[in-house]
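Subject: Structure handover

Dear colleague,

Here is the structure, with my notes on it below. Please read the notes alongside the model.

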Amino acid sequence: MIFLLWATVIATALFLLVRYPTISAVWVGFVGLLAYSIPALLGITRPVLTGQMSAYYAPTSDAATLVMAIAWVGFAAALFVADASGSTQRTPTYHALPHPIYLNRFFLAAILVLVICYVSLAYKSVQLAWFLDTRVELSSYIGIDWLIWKWSIAFGFLIAWYFQIIWAQAVFSVLFFVIIIGADRTTPVITLVATAMAIKWGQPISKAAFSWMSLFAISAVLAVIFYAKPFYVSLKTGQALSDMLASRDAMSMQAAFEAFGTHELLEKVVNLNVSYTLGSTMRDSLAQFLLVPSYFGFGSGGFNQLLQEQVFSQATYGLASNFWAHWWAVGGPFGVLAGGFIYGGSILLLNNWIIRSKGMAFFLFLLAAATIGVYAHRNSPENVLALIRPIIVVFFTIQAVAYVMTLQLRSRRMIPVRDSRSPMPRRR
């Protein structure tokens with residue numbers, strides 16, 4: 001089965017090189033799926049640990065490897081159907097060039113939103129350096145203010161580096177590290193991927209893949225994945241970072257890469273023939289289009305809760321989910337094929353929107369595409385939509401604040417100002 005999986009991956013890569021030869025969202029979808037296929041491609045997985053067990057490797061099963069091959073077939077089928085129908089644009093040559101004054105207002109609006117969120121988080125934590133709290137402490141009081149905080153930074157970072165605005169690069173890069181200190185690695189990785197995609201957008205893949213900018217972006221992403229956690233744990237506990245890094249072995253380094261852990265979820269779901277209803281998936285996914293789904297009693301962790309309670313109840317640490325395990329539980333091989341098609345179709349849809357977008361919407365669709373490419377594989381469909389929702393909310397919030405700021409400036413300009421040195425008109 002490993003040879004079948006390798007064949008589907010290679011065939012998809014060759015198809016992309018021929019039909020999608022420039023940097024676009026499609027390549028982000030390909031790289032994301034490839035990264036989470038590494039355990040199946042290598043034929044090794046990392047079983048979920050219980051108690052004081054030491055981490056170890058185990059061979060992957062043919063059934064789970066076949067599931068990944070089917071996922072690739074579904075992804076490739078979406079690309080092929082879009083290509084054959086002519087519904088995909090191939091020349092992503094978008095260049096966003098808004099007026100510098102508008103960019104400054106966008107940055108100032110984002111900073112204003114950040115200040116409000118910072119005050120809210122500082123008030124709830126009763127300290128200014130709330131981001132130095134442990135992950136458990138942070139989870140006890142963060143809410144929508146934390147989501148708005150980190151995604152406002154993501155937009156500022158992405159746009160600042162795209163337009164090479166030095167003061168904004170400095171401000172949002174510092175805030176970018178604050179997100180990492182706050183024990184969040186997902187948002188920084190998504191932001192870095194979106195930034196690299198934006199800067200290299202439309203360039204030939206053969207040229208962009210080996211440029212110094214791409215190599216730097218890959219290094220930055222790997223640094224966040226493997227070294228961000230030791231960094232913020234060291235900062236919060238006072239333990240020397242050098243000691244923490246010296247004590248890490250190859251297995252602990254590999255544990256930082258979630259693909260091995262999420263693949264084990266797939267192994268168990270396939271082996272135990274876990275089932276999950278399509279109705280629950282559709283209900284929870286559609287509920288994510290509500291502004292606050294939890295207010296109406298909807299959640300986004302139904303499948304993950306099933307895994308935690310019935311499949312991995314012995315686990316002593318939190319587990320992610322698995323996109324392909326979810327679709328297997330919903331419909332077996334046909335469910336995985338449909339999931340792959342949906343994954344590819346979503347990436348293609350966003351790719352078209354990116355090409356056709358005008359103004360700042362370019363960056364909204366970039367972040368959404370990067371979120372699917374990076375985040376989908378370790379979560380259920382409703383989880384992915386739940387993460388995209390605050391991105392949309394934050395984007396329009398910043399846009400609304402920037403618009404209000406513009407109206408205020410216009411209203412001030414419309415007020416006539418009389419020169420006090422000029423004489424008053426004489427009444428008749």
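R283 is partly exposed, with a relative accessible area of 43%; the classes used here are buried for under 20%, exposed for over 50% and partly exposed in between, with a 1.4 Å probe and protein chains only. R283 forms a salt bridge with D284, at 3.1 Å from N to O, and D284 is buried at 4% relative accessibility. A salt bridge here is a side-chain nitrogen of Lys or Arg within 4 Å of a carboxyl oxygen of Asp or Glu.

This is a predicted model, in which local features need pLDDT of at least 70 and side-chain atom pairs count only at pLDDT 80 or more, while totals for chains, interfaces and linings use all residues. Residues are numbered from 1 along each chain as its sequence is written, and side-chain values use heavy atoms, with hydrogens and water left out.

Salt bridges

The structure holds 5 salt bridges. In one of them, R19 pairs with D83, and the closest N and O atoms are 3.0 Å apart. This pair links distant parts of the chain, 64 residues apart, with R19 in helix α1 (residues 2-19) and D83 in helix α4 (residues 62-85). Helices are DSSP runs of H or I with at least four residues, numbered from the N terminus. R19 is partly exposed at 32% relative accessibility, whereas D83 is buried at 14%.

K124 and D145 also meet in a salt bridge, at 2.8 Å from N to O. K124 lies in helix α5 and D145 in helix α7, 21 residues apart. K124 is partly exposed, at 35%, and D145 is buried, at 7%.

Aromatic pairs

The whole structure has 31 aromatic pairs. Rings of Phe, Tyr and Trp (its six-membered ring) pair if their centres lie within 6.5 Å; planes under 30 degrees apart count as stacked, over 60 as edge-to-face and the rest as tilted. W130 and W149 form an edge-to-face pair, 5.4 Å centre to centre with 80° between the planes. W130 is in the loop between α5 (100-125) and α6 (135-139) and W149 in helix α7 (residues 144-163), so the pair ties together parts 19 residues apart in sequence. Both W130 and W149 are buried.

The ring centres of Y162 and F363 are 5.2 Å apart and their planes are at 75°, so this pair is edge-to-face. Y162 belongs to helix α7 and F363 to helix α18, so parts 201 residues apart in sequence are tied together. Y162 is buried at 17% relative accessible area, and F363 is buried at 0%.

One aromatic cluster is formed by W27, F30, W72, F75, F323, W324, W327 and Y343.

Pocket and cavity

On a 1 Å grid over the protein atoms alone, a cavity is a set of points where a 1.4 Å probe fits but cannot get out, and a pocket is an open set with protein on both sides within 12 Å along at least five of seven lines; lining residues have an atom within 4 Å of a point.

The second largest pocket holds about 780 Å³ of space. Its lining has 28 residues, and F289, S346, I372, L385 and I388 lie nearest its centre. Helix α17 gives the largest share of that lining, 9 residues.

The second largest cavity holds about 40 Å³. Its lining consists of Y36, M68, A259, T262, H263, N322 and W324, with helix α14 (residues 258-272) giving the most, 3 residues.

Regards

How values were computed
Points joined across faces, edges and corners; volume = space filled by probe spheres on them. Helix = DSSP H or I, 4+ residues; strand = E, 2+ residues; numbered from the N terminus.
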